[in-house]
Every structure is written in C-alpha cells, then in structure tokens.
Amino acid sequence: MEATSKSEPGSDPPEIPSFLREAFEENYERLRLSTNQSLSPAARESAFTQVLLYWQKLRDIAERITETEVRLALPAQETPKGRSFVIEGVVDIVQESGHTVMYDIKTHDADFVRENQELYSDQLSVYAYIWEELRGEPLDETAVIATAIPSSLQQALNSGDEDHVSYELQKWNPLVEIDFDKGKVEETIRDFAETIDQIEDGEFDPPPADRLSERQPGQDALFATRVCNNCDARYSCPAYRMYITGSRKEEQINFRSYFMEAGSEVDRDARLDAGLQDTPSGDELGTL
Ligand code: SF4
C-alpha cells in the first residue's frame with residue numbers, strides 16, 4: 001500500500017523560495033563551521049535543488065506536520081555482553097481528525113525503499129513501539145519520505161527541458177507507506193544489541209569483494225555504487241579497494257586507479273577548492 005502526495009509544483013507564494021534559500025544557507029553555514037566540511041558551488045546548488053523539489057512534492061505534508069523532529073528514545077537497553085545502550089530516533093508526526101501518521105525522513109531513493117521495505121519496517125516498528133507503549137500516544141500509519149532525487153529526474157534537470165522535468169516530477173512519489181509490526185520489536189532490539197557488541201569488539205569485517213558487484217532488489221545500481229559510494233570507510237575498506245582496482249588480491253592493488261575513482265579531475269579540483277576556500281577562520285570558529 002502506498003500513499004501519494006497531492007501537491008505539484010507551480011503554486012508557491014513568491015516568498016517561499018527565498019525563505020528556503022535563507023534557511024538552507026543558514027544551515028549550510030552552521031554545518032560548515034561545525035564539521036569543517038564544505039561543498040563545491042555545483043554540489044551546493046544541487047543540494048538546494050533537492051530542498052526545493054522536496055518542498056514542491058511534499059508541501060501538503062510539510063504544511064500539516066503537527067510535531068517536527070520528535071525525538072524518540074528507548075533507554076536502559078543491554079547487549080548480550082552487558083553493555084548499556086539507548087535506541088534513539090527522530091521522526092515527524094501528523095495528527096488530523098484523530099488519525100496519526102509517523103514519517104521517517106531518509107536520504108535514500110524511493111524505489112529502493114519500496115523494494116526493500118523490510119529494511120525500514122524494523123526500525124519503524126521500534127519507533128511505533130516507543131510512541132505507543134512508552135509515550136502512550138495513538139498511531140495509525142508509518143511511512144518513509146525518501147528525499148533522494150531519482151536519476152531520471154536528475155537527467156531531466158540536467159537537460160534543461162521543462163516538459164521533461166515536469167513529467168518526471170509528476171512521476172516521482174517520495175512517500176512510501178510501510179506497515180509496522182510491534183511484534184518484531186524484541187527481535188530488532190536483539191539484533192541491534194548484537195551488532196553493538198560486534199562493533200565494540202572490533203568485529204566489523206566488510207563483505208567479500210564479490211558482494212560489491214551484486215545488484216540489490218529492485219535496483220539497477222550495484223551494491224558498490226548504492227552503498228559503498230556513500231560509505232565514509234570506503235578508502236580504508238579492503239573489499240572496496242579490491243572492487244575498484246579489479247584486483248583479486250589485496251596486495252596487488254594499484255593505488256593510482258583507486259585514487260582516480262574519486263570523481264573526474266574537475267570534480268576533485270572543485271572539492272579541493274571548496275575545502276580550501278571555505279575552511280573556517282579562527283574568528284568564525286570562535287562564534288560557534
Ligand atoms: S565500503 Fe563501506 S559499505 Fe562498502 S563494503 Fe566497505 S565498509 Fe561496507
């Protein structure tokens with residue numbers, strides 16, 4: 001079962017884009033100063049385009065949100081090896097006419113979420129449990145809002161063809177309704193606890209390199225493209241190094257081909273320039 005969004009672009013009051021631009025720049029500046037990480041001008045514009053599109057597609061939900069960034073916590077949990085932990089999550093809530101919907105915003109693409117609902121339903125079930133059982137609030141539905149721009153829409157934007165953009169925007173449905181099952185909560189928490197023990201014990205071997213060449217359900221993209229390209233550990237991950245260099249053995253890795261994977265020369269230069277230009281000054285850091 002899927003929900004659909006009603007709003008389509010074209011009917012915003014004129015002040016909305018400038019408000020979004022201001023809020024975006026303010027957030028970007030805060031993140032830049034607190035993380036010391038910058039975006040190239042092209043990447044920044046692309047991020048802002050994503051914000052605008054998200055607003056255009058999901059305006060009706062955004063305007064109905066009753067509580068935003070609701071922090072949910074399941075405290076006092078313990079792993080099989082006796083480590084304490086807390087499960088935390090942040091969701092948005094819409095309550096209308098006695099009907100409550102919980103939204104979890106993900107930067108993933110909607111097709112992937114649709115094809116892999118079980119990956120999201122476990123997490124949403126834990127949130128639903130916290131919301132209903134610990135906070136004593138009613139809940140009728142849970143859904144994921146998948147904010148990544150689909151590749152077909154991105155291609156349309158790159159082409160500059162307005163009809164094509166409009167067609168792709170109509171097609172895009174970032175809202176995926178996902179059933180929750182509070183019966184799964186115990187199992188999910190146990191999996192989570194075991195994973196914490198593995199991480200704390202240093203047991204986080206990557207999958208075999210061959211796994212990176214496999215496609216995920218409902219996806220054209222390989223595991224390496226969809227998952228590893230977003231993984232901060234990829235440059236120190238032996239499986240990724242073997243995948244990218246085509247080497248069957250770790251000791252035969254050709255570092256140059258591995259380094260050259262990090263985008264085109266233009267992309268690498270743009271990232272370098274953005275990092276150098278936007279490095280916060282001592283005065284800026286003092287304002288944090
Ligand atoms: S690059 Fe990251 S996501 Fe990919 S296999 Fe290595 S650790 Fe896992």
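User: In which sense do strand 3 and strand 4 pair, and over how many bridges?

Analyst: Strands of a sheet pair through backbone hydrogen bonds, and the pairing is either parallel or antiparallel. In this predicted model, strand 3 (residues 99-106) and strand 4 (residues 141-146) pair in the parallel sense, with six bridges between them. Within that pairing, Ile105 has Ile145 of strand 4 as its bridge partner.

User: In what order do the five strands of the sheet stand?

Analyst: The order is 1-2-3-4-5 in an open sheet, and the pairing is mixed. Strand 1 (67-78) and strand 5 (175-177) each have a single partner strand and stand at the edges, so one side of each is left without a neighbour in the sheet. From one strand to the next, the twist averages 35°.

User: How does strand 1 pair with strand 2, and what lies between them?

Analyst: Strand 1 and strand 2 (residues 84-96) pair in the antiparallel sense over eight bridges. Glu67, for instance, stands opposite Ile93 in strand 2. The two strands form a hairpin with five residues between them, and Gly82 in the turn has a positive phi of about 85°.

User: How many residues lie between the strands in the hairpin of strand 2 and strand 3, and which residue takes a positive phi?

Analyst: Two residues lie between strand 2 and strand 3 in that hairpin, where Ser97 takes a positive phi near 45°. The strands run antiparallel and are joined by five bridges. Thr100 in strand 3 is the bridge partner of Gln95.

User: Turning to helix packing, at what angle do the axes of helix 5 and helix 6 cross?

Analyst: The axes of helix 5 (residues 151-159) and helix 6 (residues 162-171) cross at roughly 160° and come within 8 Å. The angle makes helix 5 roughly antiparallel to helix 6, and their crossing is left-handed. On the helix 5 side, Ser152, Leu153, Ala156, Leu157 and Ser159 take part, and they meet His164, Val165, Glu168 and Leu169 in helix 6. By class, this contact of helix 5 with helix 6 has five nonpolar, three polar and one charged residues.

User: How is the crossing of helix 1 and helix 2 to be described?

Analyst: Helix 1 (residues 15-35) and helix 2 (residues 41-64) have axes that come within 11 Å and cross at roughly 130°. That angle makes helix 1 oblique to helix 2, and the crossing is right-handed. Helix 1 contributes Pro17, Leu20, Arg21, Phe24 and Tyr28 to the contact, while helix 2 contributes Arg44, Phe48, Val51, Leu52 and Trp55. The residues of this contact of helix 1 with helix 2 divide into eight nonpolar, no polar and two charged.

User: At what angle do helix 4 and helix 7 pack?

Analyst: Helix 4 (residues 117-134) packs with helix 7 (residues 185-200) at an angle of about 115°, their axes being 9 Å apart. Helix 4 is therefore roughly perpendicular to helix 7, in a left-handed crossing. Asp122, Ser125, Val126 and Tyr129 in helix 4 meet Val185, Thr188 and Ile189 in helix 7. Sorted by class, the contact of helix 4 with helix 7 has four nonpolar, two polar and one charged residues.

User: Finally, which residues surround the ligand?

Analyst: The ligand is surrounded by Pro206, Pro207, Val227, Cys228, Cys231, Ala233, Arg234, Cys237, Ala239 and Tyr240. By class, the shell around the ligand has nine nonpolar, no polar and one charged residues.

Methods. Residues numbered from 1 in each chain as written. Predicted model: local features only at pLDDT ≥ 70, side-chain atom pairs only at ≥ 80, totals over all residues. Pairing = 2+ DSSP bridges. Helix = DSSP H or I, 4+ residues; strand = E, 2+ residues; numbered from the N terminus. Axes fitted to C-alpha atoms, helices over the stretch in contact; angles between N-to-C directions. Parallel < 35°, antiparallel > 145°, perpendicular 65-115°, else oblique. Left-handed = near helix turned anticlockwise from the far one by under 90°. Contact = placed C-beta atoms within 7 Å. Nonpolar A, V, L, I, M, F, W, Y, C, P; charged D, E, K, R; others polar. Near = placed C-beta within 6 Å.
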